[in-house]
Amino acid sequence: MPPNFPLFVMARNVFRILMLVLAGMFLNIPSEAFAQRPINARDIMRQQQRGDKNTLYGSNPYEQPDDETMPKDTTKKKRKIRKPLESYFFSDSIRSLKNFKWNISRDFNRVEIQPLDTMLTDWRIDYPFYREGVGDIAQGGLGQTSLPLDYFRRPENFNFSFSDVYYAYTYNMENVPFYNSKTPLFRFTYLESGQKRFREENFNVMVAHNVSPSTSFNVNYKARGTRGQYNRQRTKNHNLSVAFNHTGKRYSVHAAYYNNHIEQQENGGVVGEWAISDTTFEMPSGVPMKLSDAEAENIYRNNAFFLKQTYGVPLQTLTEADFSMADYSAVYFGHSFEYSSWSKRYTDKRAPYVNERASRDPETGLFVPETKEYYENWYLDPRQTNDSLYERVISNRIFIEAQPWDRNGVVGTLDGGIGIDMHTYVQIAPGSYLSGKYSRVNKTSYFAYGSIRGKIKRFVDWDADFKFYPSGYRGGDLRLGAHMALKGRLRGHPLILEGRFLLDRRSPNYWQENLLSNHFMWNTPLSRETDTRFEVKLSMPDFAFEAGANHGIVDNKIYYGATSHIEQAAGNVNLTSVYARKDFRLGGLHLDNRVLLQWSTDQEVVPVPLFSAFLSYYYEFWVVRNVLRLQIGLDSRFNSKYYAPSYNPALSEYYNQREVEVGAYPYTDFFVMGKWKRMRIFLKYQHLNKGLFGDDKYFSAAHYPLNPGMFKIGISWGFYD
């Protein structure tokens, strides 16, 4: 606010009056224009008869008074009416939103609406792998690998499974975002923490713009990583997506290019748990790591593009007044193309490490040091490693969708399609390490798939789907799924009971059967794995309550054993989980609770903790009504002790170690989050309880300590016009 505010207002008003008078002089606006009485059609007609073309309304036909006596100018072209969003993808409630976001389905003519990240809810959770359920087994820093604690959430991609450990960061065809906005969107986010040489940085820019109500494009760029609290922990994780979509009444197209680039230095974990729990180092960078001198590093590159098009043919006559095809019988024809290439390069050099407390002398009680090597085998070069792997898949799908009555009918849609996947795998050729010759393997798989879904009024949603590979590379693979949701109301509040079934019979991927590298080598045929799952879930959104149970039976489970080599279990492994979430609210006090119980009949094949929890207790209130809102509270994660998986850098896989138990340590963060108009403010002290309680065994993955205490600060600013 300028000084002498009343004087400023007076000067501004005088300036406006002068500008109005000058405009009247230059534009020859008659004095009647400034009179208090309203101008009517008769005045305009008189002015036009006198030859005054520059009337108060000028020549703008959209500002003329609505009067039948007003003469019409038939020489002017009518302004083209801008059509609204007419797509069958979106319901009226979605179309009424100012801005919304969605993802597309790889196989079917569907979209999945996603929430826009503009609120304080969960924004305090800056590590993306902690946002779902009770969180992940984590390597430690931002941008690094993770594996969900909940077995039923773990990714199992057939294509380039080495990237699964980065699932929380990387883009793929089904998580590239698309937007529809009535005003241009721009969001900027930057978070940082720690000293400059150990800093974590989280940078994100999003731009989305609608060319028309049905056509838009967007760009998302994310750069997340750490310079490393510990030695050889530096990580860079860059992810870019550029997407375009048109969702019209009949024709829709979704296209995107995305790129994932990851660079991670590998330290192999601590030489022993004593280095964290029993010894105090001046700086975390002084903690001895197994690959500290090996200069180990992984570099991943992914380039991908997809194009998905659909054209709808109505079976009933449509008029201009029909807003969408969703309520009419129709048939949709579509095609989907996808190209994706991944490469992985792992390098290191031979450098043994020393565990100063490997054992204790029973007579003297003194520690006995031991020199070890991280890798047992050096098949190709005894001095250094330079392993390169490459995989490419080109996929084409042709599909058809029938809409017998309307999209929300008892039988809403019937889907069917056929496809072909062309795979290329490249790695060093046997006996050709010195010459640098690589072997290339091409494989082709054919498949057919289908789905049926519908609604019974507002009370039942149901669907079923299948995918079958009759021949080719994955011949005999089968996937069957079914889902039903019963919807009702309890004292006026919605109540949803869901059930799911899944049968997945899948072949091992190429790298599980064929791998030639400096540290690991195998060429072993594996049996097909069968995974059967049952799920039931009850949710009451108005009460922030959700509870569910899962049961799975896995036959011939493929996993990485205690020596990191590929193994296959004989017989079945049974897994059961019970999950509950309840958020209590007492005024501004929020008590959010997520709890998971899990049982495995074979912990050596599928190790899971019995108990896991994520608790978030905070107070939320207005500092200035409708201007500034704050959250102040604590987040804490905990799981019971078990033989947690560890991470192998050369394989980029989590393996089932049996050396140490991990868990029974609460990892707690203190945060203050604010939302000031369109800007969100981030303040957090991560690992508040470091050295206060617990026994300082803050491990999530075996041998890999989580980050010690550090302060984080940042902002996220959204612009909507």
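Student: Which strand does V207 lie in?
Tutor: V207 sits in strand β7, which covers residues 200-212. Keep in mind that this is a predicted model.

Student: What surface feature is V207 part of?
Tutor: A nonpolar patch on the surface. V207 forms it together with F186, V219, V242, Y257, F305, W676, W717 and F719.

Student: How much accessible area do those residues have together?
Tutor: About 700 Å².

Student: Back to β7. How does β7 pair with β8?
Tutor: In the antiparallel sense, over 12 bridges. Strand β8 is residues 215-226.

Student: How many residues are between β7 and β8?
Tutor: There are 2 residues between them, and the two strands form a hairpin. If you want a pair to click on, F203 stands opposite A223 in β8.

Student: Which strand does β8 join besides that, going on to residues 235-247?
Tutor: That's β9. β8 and β9 run antiparallel, with 12 bridges joining them. For a pair to look at there, N220 has S241 in β9 as its bridge partner.

Student: What actually holds strands like that together?
Tutor: Strands of a sheet pair through backbone hydrogen bonds, either parallel or antiparallel.

Student: How far apart are Q195 and R227 in space?
Tutor: 9.6 Å, C-alpha to C-alpha, although they are 32 residues apart in sequence.

Student: Switching topic: what order do the strands have in the open sheet of 3 strands?
Tutor: The order is β2-β1-β5, and the pairing is antiparallel. Its edge strands are β2 (111-114) and β5 (178-181), each pairing on one side only. From one strand to the next, the twist averages 30°.

Student: How many bridges join β1 to β2?
Tutor: 4 bridges, with β1 covering residues 99-104. I104 stands opposite V111 in β2.

Student: Now the inside. How many residues has the largest nonpolar core?
Tutor: It has 68 residues, and Y375 and W511 have the most contacts inside it. Several elements give two or more residues to this core, among them β11 (296-314), β12 (330-349) and α5 (510-513). The largest share, 3 residues, comes from α4.

Student: Is A544 buried or exposed?
Tutor: Buried, because its relative accessible area is 18% and the cut-off for buried is under 20%.

Student: And K677, what is its phi?
Tutor: Phi of K677 is near 55°, again positive in a residue other than glycine. K677 is in the loop between β33 (667-676) and β34 (679-686).

Student: Is K677 buried or exposed?
Tutor: K677 is exposed, because its relative accessible area is 55% and exposed means over 50%.

Note on methods: Residues are numbered from 1 along each chain as its sequence is written. This is a predicted model: local features need pLDDT of at least 70, side-chain atom pairs count only at pLDDT 80 or more; totals for chains, interfaces and linings use all residues. Side-chain values use heavy atoms; hydrogens and water are left out. Patches are made of residues with over 30% relative accessible area and no salt bridge: like charges are joined within 9 Å, nonpolar side chains (Val, Leu, Ile, Met, Phe, Trp, Tyr) within 5 Å. Accessible areas come from the Shrake-Rupley method with a 1.4 Å probe; for residues, only the protein chains shown count as cover. A salt bridge is a side-chain nitrogen of Lys or Arg within 4 Å of a carboxyl oxygen of Asp or Glu. Two strands pair if DSSP finds at least two bridges between them. Axes are lines fitted to C-alpha atoms, for helices over the stretch in contact, and angles run from 0 to 180 degrees between N-to-C directions. A nonpolar core is a set of buried Ala, Val, Leu, Ile, Met, Phe, Trp, Tyr and Cys residues joined through side-chain atoms within 4.5 Å. Buried means under 20% relative accessible area, exposed over 50%, partly exposed in between (1.4 Å probe, protein chains only).
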